[in-house]
Amino acid sequence: RAVRDGARVLVDDTDVGVVSSGSFSPTLGHAIALAYLQPDCGELGREVAGDVGRKPIPGRIVALPFYTEGTARISVC
């Protein structure tokens, strides 16, 4: 399942942010999301959870961009 916009982001059951966008990524094969987080909660690799009502959806903070291979971006020498 994907965390959708407006969902709260939790760290150890403490509210630390809100999701701005989320969906399933067919290219990566799993769900991805962007979120606004409190400044002290944004270190890479940190385990988080999306509060979607029933059971929180686990996640992890990663660096952007999510995907670089096969992109339309080109290198200019």
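The protein chain exposes about 5,800 Å², and carbon and sulfur atoms supply 53% of that area (accessible areas come from the Shrake-Rupley method with a 1.4 Å probe; for residues, only the protein chains shown count as cover). Keep in mind that this is a predicted model: local features need pLDDT of at least 70, side-chain atom pairs count only at pLDDT 80 or more, and totals for chains, interfaces and linings use all residues. Residues are numbered from 1 along each chain as its sequence is written, and side-chain values use heavy atoms, with hydrogens and water left out.

**Strands and contacts**

- You'll find five strands and zero helices in the protein chain (both are DSSP runs numbered from the N terminus: strands are E, at least two residues, and helices are H or I, at least four).
- Reading from the N terminus, the order is β-β-β-β-β.
- Of the contacts with a separation of 6 or more, 30% link residues 24 or more positions apart (contact means heavy atoms within 4.5 Å).

**Burial**

- The protein chain has 77 residues, and 22% of them are buried (buried is under 20% relative accessible area, exposed is over 50%, partly exposed is in between, with a 1.4 Å probe and protein chains only).

**Salt bridges**

- The count comes to two salt bridges (a side-chain nitrogen of Lys or Arg within 4 Å of a carboxyl oxygen of Asp or Glu).
- Arg8 pairs up with Asp15, with their closest N and O atoms 2.9 Å apart.
- Arg8 is partly exposed at 34% relative accessibility, and Asp15 is partly exposed at 36%.
- Glu43 and Arg46 form a salt bridge too, at 3.2 Å from N to O.
- Glu43 counts as partly exposed because its relative accessibility is 42%, and Arg46 is partly exposed at 24%.
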